[in-house]
Amino acid sequence: MKTIKILFVCMLAAIFAHAQETVPPYMMHDVEVTPPKFTAVKYTQPENANSLKAYISQNFEYNPEFGKTVEGTEVVKFVINTDGRVSDVEVVNSVSSTVDRLITNIIEETDYMWVPGKNNGVPVAMEKEIAVKIKLGMTEKSAERRDFTEIARNYFTKGSEKLFFDRKAKKAIKQFELAIRYRPYDQAALYMLALCEMDQGNENAAQAYVDRFKELGGDLNLMDASLTEHIKSIEAHEDLAKLFAIK
């Protein structure tokens with residue numbers, strides 16, 4: 001009897017204010033900022049606060065043809081305009097092209113289902129970022145038990161071995177990319193990808209990872225001491241440091 005894995009979808013805990021679904025107004029430089037609020041209903045009143053998490057889960061349709069490559073954390077950012085319209089939908093971390101289409105289509109369908117964000121009570125366009133964990137398992141419980149942190153750590157370790165001991169940056173990139181697929185906000189993995197790309201002479205690719213690292217508020221001083229020592233053994237780390245120094 002042929003068995004089919006069940007696709008389990010859940011939302012990551014929000015990391016940034018613009019990624020949260022329910023956030024009270026907060027003060028920034030004496031300007032009261034109210035993030036956009038998803039309502040799940042077009043032209044609804046602001047007090048309706050339906051969950052984007054539930055909306056995505058209800059509209060995400062599993063397809064057995066996805067195969068084994070769909071597991072990971074999909075990150076998508078988009079803009080909520082002053083009229084509640086969605087625009088500029090962009091995949092930040094891709095699980096697969098199929099999942100990209102599914103998630104972006106769902107986000108695009110939420111046109112006018114948003115109460116726009118406000119600055120001092122005035123509606124303004126705001127960017128929002130969401131992260132969706134997609135897990136595979138023979139049952140929903142087995143899928144839930146899959147530890148993305150541990151999976152990513154294993155890939156990170158393999159990538160480090162390829163880079164520092166085998167001196168094979170190209171193969172290391174594949175391992176770090178897998179780590180990022182599971183943990184897209186992992187600053188160490190982003191840094192290592194930037195280092196590998198710089199080692200390969202791909203400065204534009206390295207710059208993209210540096211920009212994402214900075215966007216996430218990355219702090220180079222928080223890097224593990226032993227990892228930092230290994231990094232210094234890679235000649236490209238000095239050139240990478242120059243990219244980080246550019247504001």
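This is a predicted model: local features need pLDDT of at least 70, side-chain atom pairs count only at pLDDT 80 or more; totals for chains, interfaces and linings use all residues.
**Stop 1: the largest pocket**

Select Val92, Asn93, Ile180, Leu190 and Tyr209, which lie nearest the centre of the largest pocket. Its volume is about 240 Å³, and 13 residues line it. Now colour strand S6 (86-93), helix H5 (169-182) and helix H7 (203-215), the elements that each give two or more residues to the lining. H5 gives the largest share, four residues. Coloured by class, the lining shows eight nonpolar, two polar and three charged residues.

**Stop 2: the largest nonpolar core**

Next select Leu163, Tyr191, Met192, Leu195, Ile231 and Leu240. Of the 38 residues in the largest nonpolar core, these touch the most other members. Two or more residues come from each of helix H4 (148-165), H5, helix H6 (187-199), H7, helix H8 (225-231) and helix H9 (237-245). The largest share, nine residues, belongs to H6.

Centre the view on Tyr191 and show its neighbours. Leaving aside residues up to four places away in sequence, Tyr191 touches Phe213, Leu220, Met223, Ile231, Leu240 and Phe244. Apart from this core lies another, of 21 residues; to find it, select Val76, Ile80, Val99 and Trp114, which are among its members.

**Stop 3: salt bridges**

The whole structure holds nine salt bridges. Start with Glu71 and Arg146, whose closest N and O atoms are 2.5 Å apart. Glu71 is in the loop between helix H1 (52-59) and strand S5 (72-80), and Arg146 is in the loop between helix H3 (140-144) and H4, so the pair ties together parts that are 75 residues apart in sequence.

Glu150 is partly exposed at 35% relative accessibility, as is Arg153 at 43%.

In helix H9, select Lys242 and Asp239, which are also three residues apart, about one turn of the helix. Here the closest N and O atoms of the salt bridge are 3.9 Å apart. Lys242 is exposed, with a relative accessible area of 57%, while Asp239 is partly exposed at 40%.

Finish by selecting Glu129, Arg212 and Glu215, which are linked in a network of salt bridges.

Note on methods: Residues are numbered from 1 along each chain as its sequence is written. Side-chain values use heavy atoms; hydrogens and water are left out. On a 1 Å grid over the protein atoms alone, a cavity is a set of points where a 1.4 Å probe fits but cannot get out, and a pocket is an open set with protein on both sides within 12 Å along at least five of seven lines; lining residues have an atom within 4 Å of a point. Grid points are joined across faces, edges and corners, and a volume is the space filled by probe spheres set on the points. Ala, Val, Leu, Ile, Met, Phe, Trp, Tyr, Cys and Pro count as nonpolar, Asp, Glu, Lys and Arg as charged, and the others, Gly among them, as polar. A nonpolar core is a set of buried Ala, Val, Leu, Ile, Met, Phe, Trp, Tyr and Cys residues joined through side-chain atoms within 4.5 Å. Buried means under 20% relative accessible area, exposed over 50%, partly exposed in between (1.4 Å probe, protein chains only). Contact means heavy atoms within 4.5 Å. A salt bridge is a side-chain nitrogen of Lys or Arg within 4 Å of a carboxyl oxygen of Asp or Glu.
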